[in-house]
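Please read it alongside the sequence and the model.

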Amino acid sequence: MSKTSVVRFAPSPTGYLHIGGARTALFNYLFARNTGGRFLLRIEDTDRERSTPEAVEAILEGLRWLGLEWDDEILFQSQGRERHVETANRLLEKGAAYKCFCTPEELETRRRLTRAEKREFVYDRTCLGLSPEQTQRLAQQGKPFVVRFKIPEGTTGYDDLVHGKVGFSNETIDDFILLRSDGTPTYQLAVVADDIHMGITHIIRGDDHISNTPKQILLYRALESPVPQFAHVPLILGPDKKRLSKRHGATSLTEYRGRGILSPALFNFLALLGWTPGEDREILSREEIISLFSIEDINKKSAVFDQTKLEWMNGRYLSMMKAEEILELVREDFEAAGLLKEGGAVETSHILRVIDTIKDRCRLTGDFLPRSRCFFPVELEYDPKAVAKHWKDNSGKLLITLAEELNKVENWSEEPLEAILRSLAEKLQISASKLIHPLRLAITGTSVSPGIFVTMALLGKRLTLSRIREAVERLG
């Protein structure tokens with residue numbers, strides 16, 4: 001077998017790709033790229049009732065959007081049934097598995113007894129004592145049976161690449177089922193058979209799979225196959241320290257994409273969700289993350305999903321983008337609002353200047369339209385809280401006086417505008433803020449905007465003075 005590391009991401013196509021699954025895929029991808037290995041994709045679609053083609057496509061689309069391109073062809077687990085059955089038969093021939101004819105009703109009776117005695121139910125191996133002749137006769141009679149794995153005595157341990165040494169007493173492990181009575185493989189059998197087939201060397205997955213690991217290690221050993229190295233990543237928690245779920249808000253990649261989160265930002269954010277590159281670094285390029293990634297640096301404690309931090313990080317990525325790139329992301333919003341007309345070069349150039357001005361204040365792509373509206377000839381809606389705070393009894397008079405001075409400005413740009421306003425404030429013996437706050441509300445409708453002089457320059461002389469007149473009328 002090649003010494004090259006081979007990892008896999010193996011989602012079940014029963015829904016969208018959620019955040020926990022995306023991070024697991026990302027960690028596998030980073031490990032493969034860091035070690036020069038291969039990142040494979042397996043779709044575990046054996047649950048025919050819940051698995052859908054739409055869910056498969058949603059998972060693939062999510063991986064592509066995040067930039068997690070896999071190597072080789074996708075393996076669909078449902079197509080490997082023959083391999084799974086053959087693997088179970090090999091274990092039967094070796095005496096590492098046996099046929100169990102106990103009925104579901106018989107097993108349920110035994111479960112009730114153990115519950116009454118407050119014990120954990122473990123199959124009592126009734127059918128392990130059957131002779132080969134008895135087993136053959138029952139099978140020939142058509143009595144339904146399952147194939148169980150025979151757990152050996154002793155303990156099963158391994159070195160987890162995240163948690164260190166982990167051990168289990170085999171007495172606590174049930175003789176689990178490999179093949180159901182209808183001949184279909186169970187999860188444990190299918191996973192191990194497929195991992196052997198794919199040449200998987202490292203299995204990186206969530207903590208919720210730790211209990212499956214000793215069973216799978218025993219299967220590898222019984223099949224005389226190399227045992228992969230395991231790394232179990234702590235689960236992602238919500239702000240309430242409970243497992244991340246829909247009650248915490250959006251959980252799928254599709255939802256975050258729709259909310260205006262950028263792929264590189266989510267890639268960066270998910271990488272730091274349980275892994276740290278050291279030196280308190282947070283904004284890292286894809287190439288930096290790949291070169292620095294190490295399984296040994298994954299935290300043993302669960303990471304908490306911080307929506308505010310994700311949006312902050314997304315804002316940092318937006319601020320580093322060119323206005324032209326951002327426009328392509330928000331074009332539909334601006335067209336729907338009638339602020340961008342096809343072939344309108346003037347409108348486009350103005351939007352690009354607006355985007356450059358406000359991008360440092362935006363955290364989501366959806367923030368651009370509402371923050372841009374005031375820079376276009378639209379009717380303003382004044383923020384009631386800002387009105388109560390910044391428009392006083394003398395605000396109308398101050399705005400009239402300011403408009404008269406601004407009307408004299410010929411070079412409508414930031415420096416002359418600032419000089420005029422500050423000169424007027426000094427003449428009136430008031431602080432510049434006494435003019436700036438009511439002015440900002442008058443020309444933007446809010447108390448928050450880019451620098452007031454940048455804003456005025458972008459609005460232009462005609463629209464600025466028009467807005468001031470409207471505000472004065474509103475003030476009465």
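**Note on the predicted model**

1. His-350 contacts Phe-375, Phe-376 and Leu-458, when neighbours within four places in sequence are set aside; contact here means heavy atoms within 4.5 Å. His-350 sits in helix H13 (residues 345–358), where helices (H or I, at least four residues) and strands (E, at least two) are DSSP runs numbered from the N terminus. With 13% relative accessibility, His-350 counts as buried; buried means under 20% relative accessible area, exposed over 50%, and partly exposed in between (1.4 Å probe, protein chains only).

2. Residues are numbered from 1 along each chain as its sequence is written, and side-chain values use heavy atoms, with hydrogens and water left out.

3. The largest nonpolar core has 107 residues, and within it Leu-30 and Leu-266 touch the most other members. Such a core is a set of buried Ala, Val, Leu, Ile, Met, Phe, Trp, Tyr and Cys residues joined through side-chain atoms within 4.5 Å. Helix H1 (residues 19–35) gives the most to this core, namely 9 residues. Beyond its neighbours within four places in sequence, Leu-266 is in contact with Ile-19, Trp-65, Leu-66, Leu-253, Ile-261 and Leu-310. Another core, of 28 residues, lies apart from this one and includes Leu-40, Ile-173, Leu-218 and Tyr-220.

4. Two backbone angles deserve a remark. Most residues other than glycine have a negative phi. Asp-72, although not a glycine, has a positive phi of about 65°; it lies in the loop between helix H2 (53–66) and strand E3 (75–76) and, at 49% relative accessibility, counts as partly exposed. Lys-118, also not a glycine, has a positive phi of about 60°. Lys-118 belongs to the loop between helix H4 (104–116) and helix H5 (132–140) and counts as exposed at 79% relative accessibility.

5. How many disulfides does the rule give? The count is 0, a disulfide being a pair of cysteine sulfur atoms within 2.5 Å. For Cys-362, the nearest cysteine sulfur is that of Cys-374, 11 Å away. Cys-362 counts as buried at 1% relative accessibility, and Cys-374 counts as buried at 11%.

Technical notes
This is a predicted model: local features need pLDDT of at least 70, side-chain atom pairs count only at pLDDT 80 or more; totals for chains, interfaces and linings use all residues.
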